[in-house]
Amino acid sequence: MITSIISKDNEKVKLTKSLLKSKNRLKESKFLIEGFRILTQAIDCKADLKYVFINENFEDKKEHVEFLKVLQSNNIKIYKTTNKIFSDFVDTENTQGIVGVVGIKERKIEEILDSCKFVLILDRIQDPGNMGTIIRTADAAGVDAIINLKGCVDIYNSKVTRSTMGSIFDMKIINMTQDDALKELKLRNFDIVSSYLNTDNFYDKVDYKCKTALVIGNEANGVNDELIKNSDTLVKIPIYGKAESLNAAISSAILMYEIKKYMI
């Protein structure tokens, strides 16, 4: 059954619109996803999909109508609203006419780290596209978990979730302070490896340990000094041309795949 909502003052409408802001996502432990493809991935990954909103045009396509049947078979509530109200839920110009509200899975440190061998630490990654690409690549490269340090862009930002191409549902991600992250990783005997330009260690000449935490730093400033000081190994990717450095997402991909070779 599809429920029609045409009032902008409806509580469900207000809640959905509020999730465009980070503070409200944190307060409600929910986030928005937009688009037919990522909603399909949410169902496939058994994400905690609370409900969806569709606009007046969504049912114009046969594949969309079929997807609504899938949602109904999974007992997902469907609300239909006006195009005008729906436009308040999205930050894209060419919307596909569907958004979903997903519950944020609360994870404990022990649940994540006790069973991990390969962890990615993100230090002040601020570009949503970079963050989404890093999460997607970590998923592809077989990283067990991601630790998000203070100063990073909100991973539930809509631009981030779109860039993950569904990996936001698969990856174990936890927000931690830097001090807590270092403490917990050292306690579990992780070798902390940081990407750093001022070292003689090229990334492909290092023997990585079976429990590794790779640190990727801020796009402009790299890994912060405190993390560098607490790292067990510093590595760099050679630059053969005239560019000063590589994009953070590209660097992370090269390093993740190299380290993963030692764990297969």
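Me: Which hand does the crossing of helix 3 and helix 4 have?

Reply: A word on the ground rules: this is a predicted model in which local features need pLDDT of at least 70 and side-chain atom pairs count only at pLDDT 80 or more, while totals for chains, interfaces and linings use all residues. Residues are numbered from 1 along each chain as its sequence is written, and side-chain values use heavy atoms, leaving out hydrogens and water. Helices (H or I, at least four residues) and strands (E, at least two) are DSSP runs numbered from the N terminus. A crossing is left-handed if the near helix is turned anticlockwise from the far one by less than a right angle, and right-handed if clockwise; that of helix 3 and helix 4 is left-handed.

Me: How does helix 3 run relative to helix 4?

Reply: Angles are taken from 0 to 180 degrees between N-to-C directions, with axes fitted to C-alpha atoms, for helices over the stretch in contact. Angles under 35 degrees count as roughly parallel, over 145 as roughly antiparallel, 65 to 115 as roughly perpendicular and the rest as oblique. The axes of helix 3 (residues 36–44) and helix 4 (residues 62–73) cross at roughly 30° and come within 11 Å. Therefore helix 3 is, relative to helix 4, roughly parallel.

Me: How many charged residues are there in the contact of helix 3 with helix 4?

Reply: Contact means heavy atoms within 4.5 Å, and here Phe36, Leu39, Thr40 and Ile43 in helix 3 meet Glu63, His64, Phe67, Val70 and Leu71 in helix 4. Ala, Val, Leu, Ile, Met, Phe, Trp, Tyr, Cys and Pro count as nonpolar, Asp, Glu, Lys and Arg as charged, and the others, Gly among them, as polar. The residues of this contact divide into six nonpolar and two polar, and the number charged is one.

Me: How far apart are the axes of helix 7 and helix 11?

Reply: The crossing of helix 7 and helix 11 is right-handed. Helix 7 (residues 128–140) and helix 11 (residues 248–260) pack at an angle of about 15°, and their axes are apart by 9 Å.

Me: In what order do the six strands of the open sheet lie?

Reply: Strands of a sheet pair through backbone hydrogen bonds, either parallel or antiparallel. Pairing of two strands requires that DSSP finds at least two bridges between them. In this open sheet the pairing is parallel, and the six strands follow the order 8-7-6-10-9-11.

Me: Which residue is the bridge partner of Val193 in strand 10?

Reply: Strand 9 (residues 191–195) and strand 10 (residues 212–216) run parallel and are joined by four bridges. In strand 10, the bridge partner of Val193 is Leu214.

Me: Is Ile147 buried or exposed?

Reply: Ile147 sits in strand 7 (residues 145–149). Buried means under 20% relative accessible area, exposed over 50%, and partly exposed in between (1.4 Å probe, protein chains only). With a relative accessible area of 0%, Ile147 is buried.

Me: What share of the residues of the protein count as buried?

Reply: The protein has eleven helices and eleven strands, and its C-alpha atoms fill a box of roughly 60 × 40 × 30 Å along the principal axes. Of the 264 residues of the protein, the share counted as buried is 49%.
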